[in-house]
Structures are given as structure tokens and as C-alpha cells.
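Open the model in your viewer and keep the selection panel at hand. The tour goes from a contact inside one chain to the contacts between chains.

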Protein chains: 4
Amino acid sequence: MEFASDNTSGTAPEIMAALNAVNVGYAPSYGTDPVMDRVRDMIREIFEAPGAEVFLVNNGTTANALSIAAYCQPWGGIYCHETAHVQVDECGAPEFFVGGGKMIPVRGANGKMTPETLKTALDATPQGDVHSVQRGVLTLTNTTEAGTVYSVAELVALCAIAKSYDLPVHLDGARFANAVVSTNASPAEMSWKAGVDVLSFGGTKNGCMGVEAVVLFDPAKAWEFQLRRKRGGHLFSKHRYLSAQMEAYLKDGLWLRLARVANEKAAALEATLLSVPGASLMFPREANMIFANMPRSTHRRAMAAGAHYYLWPHWVTLDGPEDEPASARFVCSWSTTDADIDALAKVMRGRD
Amino acid sequence: MEFASDNTSGTAPEIMAALNAVNVGYAPSYGTDPVMDRVRDMIREIFEAPGAEVFLVNNGTTANALSIAAYCQPWGGIYCHETAHVQVDECGAPEFFVGGGKMIPVRGANGKMTPETLKTALDATPQGDVHSVQRGVLTLTNTTEAGTVYSVAELVALCAIAKSYDLPVHLDGARFANAVVSTNASPAEMSWKAGVDVLSFGGTKNGCMGVEAVVLFDPAKAWEFQLRRKRGGHLFSKHRYLSAQMEAYLKDGLWLRLARVANEKAAALEATLLSVPGASLMFPREANMIFANMPRSTHRRAMAAGAHYYLWPHWVTLDGPEDEPASARFVCSWSTTDADIDALAKVMRGRD
Amino acid sequence: MEFASDNTSGTAPEIMAALNAVNVGYAPSYGTDPVMDRVRDMIREIFEAPGAEVFLVNNGTTANALSIAAYCQPWGGIYCHETAHVQVDECGAPEFFVGGGKMIPVRGANGKMTPETLKTALDATPQGDVHSVQRGVLTLTNTTEAGTVYSVAELVALCAIAKSYDLPVHLDGARFANAVVSTNASPAEMSWKAGVDVLSFGGTKNGCMGVEAVVLFDPAKAWEFQLRRKRGGHLFSKHRYLSAQMEAYLKDGLWLRLARVANEKAAALEATLLSVPGASLMFPREANMIFANMPRSTHRRAMAAGAHYYLWPHWVTLDGPEDEPASARFVCSWSTTDADIDALAKVMRGRD
Amino acid sequence: MEFASDNTSGTAPEIMAALNAVNVGYAPSYGTDPVMDRVRDMIREIFEAPGAEVFLVNNGTTANALSIAAYCQPWGGIYCHETAHVQVDECGAPEFFVGGGKMIPVRGANGKMTPETLKTALDATPQGDVHSVQRGVLTLTNTTEAGTVYSVAELVALCAIAKSYDLPVHLDGARFANAVVSTNASPAEMSWKAGVDVLSFGGTKNGCMGVEAVVLFDPAKAWEFQLRRKRGGHLFSKHRYLSAQMEAYLKDGLWLRLARVANEKAAALEATLLSVPGASLMFPREANMIFANMPRSTHRRAMAAGAHYYLWPHWVTLDGPEDEPASARFVCSWSTTDADIDALAKVMRGRD
């Protein structure tokens, strides 16, 4: 009954096998391994972006912070949803890597900013006025932190606004695979064709051991990115072990198959949770996460029985009346099983 | 008809005289001049703080950024009112000097945070959770950016909350003199007795040429502060010219006399503005600034006649219907005259 | 014939097996996995340091930069040997993480500073003078970048000087295991008993896939270190895969066995290289690296035959007279074989 | 008998008069004052650089650090003479403003680097190698910290090397006026015509109260510079007082007249010092500073009699045998008088 996060799951068997397979003899270090050459080609093909540059790092915070830093001056404003991971869950990593930038939270229901809320935030930053930070970069998250998914049309609209303000766009795609599966759009449509300049393409949460690709659709920043990566301590010496994970992840569409499982299990879990008396969704369930209000009594019973998931946001507690709902987050991954869901259903319903 | 800011005014005659007087012969540099010794003593006496350390810098942004940096780790959250100068008018100086900190805007009417809004912001920063920035420092502004003034009781209440969260308190006192005059409280009551650890004590906006004192009520940070000042390029070589300004400013209560003029002229201007048909205050007028809504026709007439003041906030424009009010800020200083006010009154009333 | 670096070698079988073994089911993330608890205990026991705090990161640059940053203020001088990895091979990572510190190179033959050269450098930094950076931290490397090893007595002497200047000491132990094997001293003697406050304890170069432990002998910095780690993008989500590597590395002395192989093979290679006419050592060979001058003709022949190693330092080239020696670095690792050495010997001697 | 520094002298009467004169009524703030428009034009004319951009700041450390930061990426190497003010006297300001850059000291006799020592340093920074900092910017000082002066030909030669390595050039001209007077070359020849991209044009040490101009010969960096200035706390609100100093300083060649006095007095002092038995110069005296070795007995006598100057470098003390020479620095300024020199001569010679 593990629904705490997609990072408590393990490494998918195909990826583990690739790590074992690559562990033979010597290999050039620091990203010059031949596997990396193949990874670069695969990503270019998957994204229909033959000119893109690709670099691997170990986790999402790193991919985000380095990408944002490559596109934002130290005096830049970083526009993000007010619940974005970069804003609330990275201990100031973007500000640190940028050299003192300012996060500018943008509002919007269901974890999504809208053209209107984005424009409001942009217009509130006076440009050409030396007293204010300047517009730096837009960073979107898809799948969002609320478990919802921006459609291609929504991405296009937000990126168009960014472009009209001369703003580059970063996409935090820690759960990019889940968004692609959810929309059924192509990776290119979900990224550069919509106007994204740089993508954090997640692997870790979706079955890898620990690897994310940063895809620079405009390769002009490639050398700067490499220097920032090295200087940030993020250039792996035995790089083949990052490459091998990513190669296996991409091969034969494994990344999409894993995400499809996660999304499907979440759909099943959603149905299960909503069958609990007093339960309701906080946001539409569109990928592999469910945010739901449920009676405190239900939470107590489930947790007592060993279910793992987080009350959400962090300040919610189980203190309070039994029948008053408390909100929580449930995450499914590639390794979630029907048995897990059934077990949770049982303890929540309290019959057995 | 100059009401744009208190920094368009000049240097008070007493202070200019002191600059001329100190311009004799040689003097030790970098803050070791004998005038500085007297300044330190005067500030200790005025603030009833014999153990305080005092340093001079050239402007308010510097005083704020260095003070905040001395009290906030790079991963710290800097709690400020959402309209604070440090948040909207310093081009990210606090984030830069802190090394990548995060400003955490706190709400509240009339430019003031309240115990409730402060507590809400503090509680929304999960402590002991490595994914979040940690609580760093509280920074208040008095006189606030809305021209209102925190009373001693309000300061005490906010500082008490900060202390209960183990948070040091910085006070941006660019217009500290106006607040002291407004409340009639003592400098000590308006600072360390209320719980302030470090004060930006403004001189520039109140008749100095360009000097602010940073008063460290807890001298433990004194050496660090000096290193930060030097490293930030803020240690004056010919320091006697900062010292002399501050000495004259403090001598015989000049600083309070100058602020009293500014506040009194603002009271007179307030009455004048409110006599304009369709005019209304945005915030209570408590010191030397007035924020007022006035018909666009009035603004047009006044500006055409050469009146200087800013529509406020920066995104307000004169586009729009004649009779629809637009908000504006009017600032009085030590050098504002009744003639200035009368002239503005005339062009605003449109008679003559 | 791979002697380019110890990071072109793979992952030792015992460590790979541990990664496979830990890849079962779910595990708490971000360093709260049970394997990490065991790792912490093992390191405390191995180092006879029950109060030490232990954290895992992915590579040596990270371990060094985070450790130095935890012990050095932004205005601090970082004393290191002029050929130290932190000075010449990390693209300014220490300066970045510290927030603008200054590396202060210390001289000394054979890659080692001496009490005299260290004292000279320390005395050249005027303390209590705000115009100068202040003394920040001493960082030593053992095994040094020249392949030599500081004895316990040498470490004790250098740390004693540091302490007499109130300076904390960091030890870059990317090849700590090779130094321990070389001296036959205990890990404690080679670290905290000599005066080291924080150790980068290397795993990657000695058979791990990518993991280093930072050992804080004084746990006072533990929380700050964790915040720096997170903020630097260095907190692994699926942390069990770091823990498992380190557990296997430490278990039953594997780390020492692997290093012993590397050192022994290097001893054999040294003998082989010195048998080449015109060859001579640049520095004493004391661990797993050999720096040797050899005729350019020898290098050409070896490289043409597929031998991998670096001319050293980076500005040395094969341009020049055949018989003029060019200096080079040869590195052995846990996976170096006698066959590798024999093959190199053959092509260097040019007989076949 | 004040020879400690040119920053212990006061403000020249013409400049003080200008400050008094500008202290009338209101003036636009933050650099938009009309005096600044005139200053910009004057500097463009003096430097024969109609396209240059000009900004004023309060001191030399600031001018240097902001200029270097505008031209150097965070991962850049800053090439400077090993005794440069930016390296030894600014508490790491360049590293701080750059965001973690690395100072790369270049050697050379008499406070000057040479084409050879510069090339050696540049070649020791491996480019295109992500492990190393990259070449960032060359910063020269003229008048140098050793009191010597680079000739136009020397500047041309050094800048040519920088350009051949694609390196921009900054010139720390805290004593630029003294160098111009010394060489009799034009300001243009001593700056952009030689290859300088950005100049810290000093005023403070040469009779101003506290002002330096940064002259950007390539205006492409102008906006970035302004943001860095604001963010660094270096944008004066009552800017007219900086402008007025600079205007008076430039008017009718005052800056050159003041520097000429300083240089001439130094020539006279040099002769005086060398007449002391046992005295010798450390470096050629070419501007307003003299570095001389003199018997400790002479220093003791002079200091006991109230002479102010520094033993140099900072670690020299008067401990030691009477007749053993100790090195010292003597600085003349616009306000040095013959009487000062005569008085020093008398006490040094010990007759009276």
C-alpha cells in the first residue's frame, strides 16, 4: 500500500538489466561514452529535433536549476506556478544556481497558470526600470504538481505569451511521460513545437534509478550548460551508468509503457477512492496522482493499517473531527499493482 | 510642485555646512575617522543602546541588503510585506547579497503585515524539511511603503511572533525619523525595545546627501557586517564625509526637526488634496507620504502645469475616462514649502 | 591497456550485486532508507567516530565543494595545494558553492604542501584587515594529485598549523582508500585523529558506480550540510542506490581490498615503466598513480598501439624531438590486470 | 607628514564648491540629473569616444567589481597581476560580484605583467575543457599598485594578447590621472585605443570626495551594468552629488592638474628619501607613490615624530636590527605640500 511518491518505487527490470550489461570493461568518462551518443540520437529522434543538445544529470532539482540558470540572468524573475516544485520543494536551488534570481509565483486553479494569470504577473514586473528584477524565464511543469496535465493547446497559449514578452520557456518534465500518455500528443508537440526552449525530461520517477535528460532545443546554450553542470558537481565521471539507464528507458517505448501503467493504476485508484463515503477530488485526476479529500476517520484507519501516502499540503494534520475531510496525495508508479489498490480499498472501506 | 520623492530634495544646510567644515586637512580613512567615533556614541545615546555597533553606508538598498545578509543564511526565507521596498524596488539586492535567498511576501492592508498574516506565512514554510527554504529573517519597514506607520504595540506584536519562531528582525528605516515623529515614541521603543535586531537608519531621504546608518543592536555580527560591507564595495575610503553628514543629522535633533517638517507638510497637503472633488485616500496618511485617488482630469491638469509626482503603482496610467480616478503617490520632504502645496492646490482645483 | 583514470573502470562485482539486491519493492527516499542507517553505523565504526554524521553524494567534486562550503564563509580563503583538484579540475565549484571564496594556492614538491609553505601562505593573508579575504579553511588531498601520500605525521603537522590559525581542515579523500593502504595507518589516524574535521571519502574511483561519503567528524554542521546538499541538487530521491553501493564497498573491507589491488598493480607498472630506456619518475610512486617522463618515441609507439593514458600536465604534447622525454600520468584501479601491464610493457619496449 | 594614502586627503576646493553649487532646489534622482548628461558628454570628449557609456559609482572597489562582473561569466578566470588591488585589497569583491570567479595571478617585476607572463598564465588555463575555469577577463591597473606606469606600448602589447585569446580588458584606473600625467599620452591612447573595453576612471584618490566613473567603451553592456549597479546597492538616489563632483573634476583639466601636483610632489619626495643614508627604491617611481627600503632606525625616528605612512607589504614590521632596511610605501596626493616633504626629510635625517 505504497502511494507516498513515485520515487519510493524501484528501478524497472529492463533498466536494471541495462546497468548490468554496461558494467563490462572500461568506458570513457564524463559523458564521452558511446552509449551517450546513442542516447542523444534517440532523444533527437523521439522529439523530432535533430539539432537538440542533450545532457544527463542525476535528478529533477538539478535538471530544473541548471536549465533555468542557463536561461535566466541573476537579476531575472522566474515565473512559475505558486505550487511549482521549483518554488516550494527545492530549497532555493533555482535562486542559488541563477545567482540570486527571484521566483515570481503565478496563480491558477488545479496547479495550472492561465494566460490571464501569467499576463498579470508579467505586467506586474516593470521592465526597463532598473529598480525591479527583469523578466527572466517562464517555467511550467507538466504533469503539474497537482496531477493535472496541460494540453498542447494550453502549452501553446502560455508559450505564445512568454514569447510575446521575449521570455524563454523551461518545462519541468519530471513526469513528462505521464503527460504525454495522458494527452496522447507527441513529445515534440508537448515541448518545442509548443514553444519550450529547454526541457527537464524525467526518468527517475518513472522507473529509472536516477537520471534525467536536459534537452536544449536551441543548442546555443550547450557549452554554458556543460560548464554549469560541471561547476555544480553534476558531471558524472562514470557516466555510462547514466547513459545506460536512459537508453533502456527510451528503447522500444519503455518510458511510455511505464507511464501508461502508472496512469492506468491511478485511474483505478481514483475510482476506488471516490467510492469511499465522503471522499471527493481536489483536482481532476489526469495522470498518475490523485489529490482527494477524505474523512479523517478513513485516513486514520488506512494509515493504521500501513498505507503510505501524504496528507497534502504539508500543514494538514489528522487532528480534528473524525468526519471532517482532510486532503491527501496518492501517487501511483510503474510498479503499482492492483493488489496494492485493492488492499488500500479494503482498509479504507473498513470492512474485513 | 515637486512631490515625486523625498530623494529629489537636496541636502539640508546644516549637513552641507558640516561637509564643508570637515573638509580640512587629512583624516584617517575607511571608517577610522574621529567623527565616526562621535557618531557611534551619539547613536548609542539616542537609541539608549550602549552596546550597539554602528556602520555607515551610502544608501537604503545597501543598508537593507547587508543587514539582511548578515542575519539570513543563503537558504533562508526573508519575510517581508508584499509591497516592501526590498521586494519590489531593489532589483533583487537582498537575494544577491544573501546568496540566493527567497523573499516570502506577507499580506496585509495599508502596507502593514499583521500578526495573523505573518503567522500564516511562517507556518507555510515547513521547518526541518530539507526540501523547503528555512525561516530566515523578518524585515519590516517603518514608515511603511504605503506611508502608514507601525505603532510600538504593532512592532512589539510582530517581533514577538518572529522571536517565537526564532527569527531575527530587521527594520528598514529609510523613513525611520518620520515614523518616530509620527508616533512620538522613542527611537529605542521603535527599534530594539520592540524586538528589532538590526536597523537601517535612514538619512538620505530626510536631508542628508547620501548616508544611512546600520545599527546592530546585537554587536555579535559586527565583524561579519564589516567584511560584507567591504566585499560589497560599500566601505567608503574618505569616510569622514559620511560621518560628518550623520553627525550633523543627529546633532541637536536635526533629524527629528527635518522629519517633522516633512510630516506636517504632508498633513497640509493631505487636506489640500482631499478638497479636490472626487479625491480619496488609499491609505491613512500617517507620515510624509499621501496615496490618493483623484480623477484623471485632475492629474492631467496638474501634470500639464508641471506638478511632479508618480501615479501609483507603476502600472497605473492616465489612459481612461476623465472622471475615473487614478491613484498616485505624493511625497513631502524637509524642503517642501507651503508655496509648493498652494501651487499644487491651485492647478488641481483648476481655478486661476 | 587502459591507464587514463580510475574512473574509466567499471563497478566492482560485489557492488553491482548489492545494487541488484536492493532493487526490490519500495524504499523510503531522500536518505531515510534503512540501508543508509547501516552505512552510517559502519562508517562510524570504521573511523572509530561514534558521533560522526555521514551523508552520501554522487561524486568527488560535490563532496569537496559542499564540505568546503559548510566550513568556509563567502569571504574566506581556501588554502589548497597549487595542483589540487579543487583548484584546477572543478571549474570553480568551491568558489561557486562558497559564494565567491578565494582559492589560495600553497606550494610544495611532490604534490604536497609543507608546514613551511602552509605557514607562508597563511601569514600572507592579513587577518582582522577588512580589505583582505579572511582565513577560511585548509583542504588537503590524500592520496595527492601527484600520486604521493601524506603520512600520518605529515597530516598531524599540517592540521596542527591549521588549528593554531583557527582553521578547520577538509580532506579530499577521493583516493583515501589508496592512502590508507599505502600507509597502513587506520582510517581514524588518517583523518580526525590527525585533525581533519570533514572528509570526502571516495568510492567512485575505487570500484563504486558513483558514490562518495561526506564524513562530518563534528556533527554541528550536519543540518547546514543537508540544506546545502538539497539546494545544490545533490540529494538523491532513490537514495537506496547510493546506500547500497556504500554498504557493499565497506562490507568486509572490500574498499581496502580494491585499493590494495590498485596500489599493487601500480607498483608493478612502475617497475615496468622504469625498465623503459630513458624513463624516470616525476614523483615518488606511493599509491595507484605513476607520473613518469618517457621519450616521445615511446609514447608515440604506445599510443599508436592503443594504450590509453594522459600526457601530464595538460599542456604537454607529443610535438618535439623523438628522444626528448614527455611527462605522463598512468593510473591503475581495482580492475587493472597483469595482462594490461604486460601489454603496455611490450608496446613500450617496442619488441614484438 | 601624511603619506599613508591618497585617500586620507580631502576634497579639492573646486569640487567642494561644485557640491555646494549643486545643492539648490530639487533634482531628478538615480542618475537622470542634468549634470550627469554633461558629465557623460565631457567624458566622451576627453576620451574621444562618442559612443561610450558612462556611469558613476562611489569607489574603486565597486567600479572594478561591477566592471569585471559585466565582462566575466561566473566560471571565468580573472587575470590580474599578483599584487593587484582586485586580488589583495578588495576582500573578494570581484569573486562575489562575478558569482564565484577565480582570480588568476600573473607575475611580473615592478607591479607589471609582461606579454610573456600573461601568455604563460593564459596558456595554463585549458580551454574547451569543462573541468577548468574558462578564460574570462584581463584586468590591468594603471598607475600600478607598485607605483609604476604602463606605457601606451606596454598596454597595446598586453591588450593585443588578450584579444588574441578573445579576452575583454578592464583597466583599474583608480590612479588613471597619475598615469596619464606620467606618460603624457592621451586618455584615449591610455584606454580604448590600446584595447581597453571598460575603465574604472578614478576620482576619489585624486581630489574628489567619493566618485569614480565607469566608462564602457563598448556600450553593449550598458543595461546589464545598470542592473548590476542597482542590485549591488550602488545606484545613488541623490545622484547629482556624484555628477557634480565629476563635472568639477573634469572641468578645465582639473583632474590632470591635481594629478600633476601629486606626481611632482612624489618626485620631490623621492629625491628626499633617497638622500637618506641606506635608502633605496623598490620600484621605479613613475607616478605619485614611492616604495623604498630604509633603515629601521630611520622609520622609527620618522614614525615617532608623527610621520604617517605604511610599511609595505603588510607583513613588514619594525622588529629587527636598527640598520636593516624595512620597505615602506609613501603616497603623495593633490594636497601634499613642500612643507610636508621638508618635515619628513628633517625627521628622517635625524638632524634638528
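A polar contact here is a pair of N or O atoms within 3.5 Å; within protein, one must be able to donate a hydrogen and the other to accept it, and residues adjacent in sequence count only if both atoms are side-chain atoms. Keep in mind that this is a predicted model.

**Stop 1**

Now show the residues where they touch: 26 come from domain 1 of chain A and 18 from domain 2 of chain A.

How many residue pairs are in polar contact between domain 1 and domain 2 of chain A? There are eight, counting pairs with both residues at pLDDT 80 or more. Salt bridges between domain 1 and domain 2 of chain A number zero.

Stay on the domain 1 side. Three elements of chain A each give two or more residues to the side that touches domain 2: α1 (13-22), α8 (176-183) and α10 (240-250). Zoom in on α8(A), which provides the largest share of that side, six residues. By class, the domain 1 side of this contact in chain A holds 12 nonpolar, nine polar and five charged residues.

**Stop 2: chain B against chain A**

Show chains A and B together. Chain B superposes on chain A by a rotation of 180 degrees, with 0.0 Å of shift along the axis and an RMSD of 0.0 Å. The two copies are therefore related as by a two-fold rotation axis. To find that axis from chain B, select Gly100(B): its C-alpha is the one in chain B nearest the axis, at 2.0 Å. Both copies use the same surface, as 96% of the contact residues of chain B recur in chain A.

Next, select the contact itself: 26 residues of chain B and 25 residues of chain A. About 1,700 Å² is buried between chain B and chain A, 50% of it on carbon and sulfur atoms.

Which three residues of chain B lose the most area to chain A? Pick Cys91(B), Lys102(B) and His131(B); together they account for 30% of what the chain B side buries.

Now look at charges. The interface of chain B and chain A has two salt bridges. One pair to display is Lys102(A) and Glu95(B), whose side chains meet in a salt bridge at 2.7 Å, N to O. Polar contacts between chain B and chain A join 10 residue pairs, both residues at pLDDT 80 or more.

Switch to cartoon on chain B. α4 (85-88), α5 (93-98) and β3 (102-106) of chain B each supply at least two residues of the side that touches chain A. α4(B) gives the largest share of that side, three residues. The chain B side divides into 11 nonpolar, nine polar and six charged residues.

**Stop 3: chain A against chain C**

A rotation of 180 degrees with 0.0 Å of shift along its axis puts chain A on chain C, RMSD 0.0 Å. Centre on Gly232(A), which has the C-alpha of chain A nearest this axis, 3.6 Å from it. The same surface serves both copies here: 100% of the contact residues of chain A recur in chain C.

Select the contact: 47 residues of chain A touch 47 residues of chain C. Chain A and chain C bury about 4,000 Å² between them, 52% of it on carbon and sulfur atoms. On the chain A side, highlight Tyr26(A), Arg231(A) and Lys238(A), which lose the most area to chain C, together 21% of what that side buries.

Salt bridges between chain A and chain C number zero. Polar contacts, in turn, link 40 residue pairs across the interface of chain A and chain C, both residues at pLDDT 80 or more.

End on the elements of chain A. Those that supply at least two residues each to the side touching chain C include α3 (60-71), α5 (93-98) and α9 (222-231) of chain A. That side of chain A has 15 nonpolar, 23 polar and nine charged residues.

How values were computed:
Residues are numbered from 1 along each chain as its sequence is written. Chains are lettered from A and ligands numbered from 1 in the order in which they are written. This is a predicted model: local features need pLDDT of at least 70, side-chain atom pairs count only at pLDDT 80 or more; totals for chains, interfaces and linings use all residues. Side-chain values use heavy atoms; hydrogens and water are left out. Copies are superposed by least squares on the C-alpha atoms of residues with pLDDT of at least 70 in both. Contact means heavy atoms within 4.5 Å. A salt bridge is a side-chain nitrogen of Lys or Arg within 4 Å of a carboxyl oxygen of Asp or Glu. Helices (H or I, at least four residues) and strands (E, at least two) are DSSP runs, numbered from the N terminus. Ala, Val, Leu, Ile, Met, Phe, Trp, Tyr, Cys and Pro count as nonpolar, Asp, Glu, Lys and Arg as charged, and the others, Gly among them, as polar. Buried area is the accessible area (1.4 Å probe) that two parts lose on being put together, summed over both.
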